[in-house]
Amino acid sequence: MNVAKQGLLGGVLVLSLMLGACSPPPQLEVAPTPIAGKFSYVGEIKGEFGDEELSLPVAIAFDMSRSAYVIDQGNNRVVKLRPDNTFERENGGYGLGFNGLSHPVSMESDGGISFFILDQGNNRIIRSDYNLVFSDEIRFNSNPDLELAGKIADIAFSRFGNMYLVDPDNLKVIMLDKDYAREQELFPAGGFAQCTIVTVGDEGNAYVYDRNLDAIYIFDSFGNAKGSIELEDAGILGDFIVRTGMIIATDKERHEIVVYDMNGERMMATGSFGSGTLSLNGPTGLAMRSDNLLYVCDTGNNRIVIYEL
């Protein structure tokens, strides 16, 4: 599931943070995630937001005030929604310049006031604040630590400040330190077959999904391999999160949301192909709000569906 100055000198990224007059939103306590026997449909978000209708939402994240940030891939923009799910602001639009986006695919918060947008078509990551002010960028083709990276598919942050980049072209995950320098490459025993998604659990472990092997590989905060979870009866995951002893995932091939235990066994699922209230069409990104509402990007239906677990 943000500041104001850009600097790139000699292929080395200079990140600077200017907060301006705005203070960060208040912090909220996060309630424990319940494990229930079913999903309860709460509602959906769709229609016109700002200049365009929501089109192909693929990723979502929240700030500490429960405002949502949505990657609207069909319009190459990021949309901010208030906690009541009404439109607040937007930024982006197709372009190759600093404030443009080209096929954004993922977005993550660093746990503070910054959001990082994986702008795949422009081969970079854009840093934004909670007012959707784009500030700095990390360009893969001009950063010496990243110049060998392929087309990055996903990003994640740990609470220790590390950034993880999934590089499926080269079958590896790159771990960067707080200064965005390459620190380590993550490999399981035997290697990846097709790594596509990474997320970080509450305990700080990194979880990497291998699409071809129907498995999730676990790495500790130092990048050491800690084992794997083979997923029972899985299609193709669109995204997943790890919360309090369970894996919550979208399955974009089977058009459903699935909860697995930490042994990979299915606990419950909801969804089938379609556009109705209880249907999904190629769901991708998902995020849990601090009040335990699960927001799911129902990408093919151009909407976000909200559930309570």
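The side chains of Asp233 and Arg254 meet in a salt bridge, with N and O 2.8 Å apart. A salt bridge here is a side-chain nitrogen of Lys or Arg within 4 Å of a carboxyl oxygen of Asp or Glu. Asp233 lies in the loop between β21 (225-230) and β22 (237-243), and Arg254 in the loop between β23 (246-251) and β24, so the pair ties together parts that are 21 residues apart in sequence. Strands are DSSP runs (E, at least two residues), helices are runs of H or I with at least four residues, and both are numbered from the N terminus.

Asp233 is partly exposed, with a relative accessible area of 44%. Arg254 is also partly exposed, at 33%. The classes are buried (under 20% relative accessible area), exposed (over 50%) and partly exposed (in between), with a 1.4 Å probe and protein chains only.

## The model and the chain

This is a predicted model, in which local features need pLDDT of at least 70 and side-chain atom pairs count only at pLDDT 80 or more, while totals for chains, interfaces and linings use all residues. Residues are numbered from 1 along each chain as its sequence is written, and side-chain values use heavy atoms, with hydrogens and water left out.

The chain has 28 strands and 0 helices. It has 309 residues, of which 55% count as buried. The chain exposes about 12600 Å², and carbon and sulfur atoms supply 47% of that area. Accessible areas come from the Shrake-Rupley method with a 1.4 Å probe; for residues, only the protein chains shown count as cover.

## Other charged groups

The count of salt bridges comes to 17. One of them joins Asp72 and Arg77, whose closest N and O atoms are 2.6 Å apart. Both Asp72 and Arg77 are buried. Another joins Glu88 and Arg89, with 3.4 Å between the closest N and O atoms. Glu88 is partly exposed, with a relative accessible area of 24%, and Arg89 is partly exposed at 32%.

On the surface, Glu48, Asp51, Glu52 and Glu53 gather in a patch of negative charge. Patches are made of residues with over 30% relative accessible area and no salt bridge; like charges are joined within 9 Å, and nonpolar side chains (Val, Leu, Ile, Met, Phe, Trp, Tyr) within 5 Å. Lys and Arg count as positive and Asp and Glu as negative, while His and the chain ends are not counted. The place of a charge is taken as NZ of Lys, CZ of Arg, CG of Asp or CD of Glu. Glu53 counts as exposed because its relative accessibility is 52%.

## Aromatic pairs

A search of the whole structure finds 8 aromatic pairs. Rings of Phe, Tyr and Trp (its six-membered ring) pair if their centres lie within 6.5 Å; planes under 30 degrees apart count as stacked, over 60 as edge-to-face and the rest as tilted. Phe116 and Phe157 form a tilted pair, 4.6 Å centre to centre with 40° between the planes. This pair links distant parts of the chain: Phe116 is in strand β11 (residues 114-119) and Phe157 in strand β14 (residues 154-157), 41 residues apart. Both Phe116 and Phe157 are buried.

The ring centres of Phe192 and Tyr217 are 5.7 Å apart and their planes are at 85°, so this pair is edge-to-face. Phe192 is in the loop between β17 (182-186) and β18 (195-200), while Tyr217 is in strand β20 (residues 215-219), 25 residues apart. Both Phe192 and Tyr217 are buried. Elsewhere, Phe39, Tyr41 and Tyr307 form one aromatic cluster.

## Residues in loops

Gly264 is in the loop between β24 (256-261) and β25 (266-270). Its relative accessibility is 0%, so Gly264 counts as buried. The C-alpha atoms of Gly264 and Ile216 are separated by 8.7 Å, although the two residues are 48 residues apart along the chain. Gly47 lies in the loop between β3 (40-45) and β4 (48-49), and the C-alpha atoms of Gly47 and Asn302, 255 residues apart along the chain, are separated by 8.2 Å.

Most residues other than glycine have a negative phi. Asn76 has a positive phi, near 50°. Asn76 is found in the loop between β7 (68-72) and β8 (77-81), and counts as buried at 14% relative accessibility. Asn85 also has a positive phi, near 70°, and is found in the loop between β8 and β9 (87-92).
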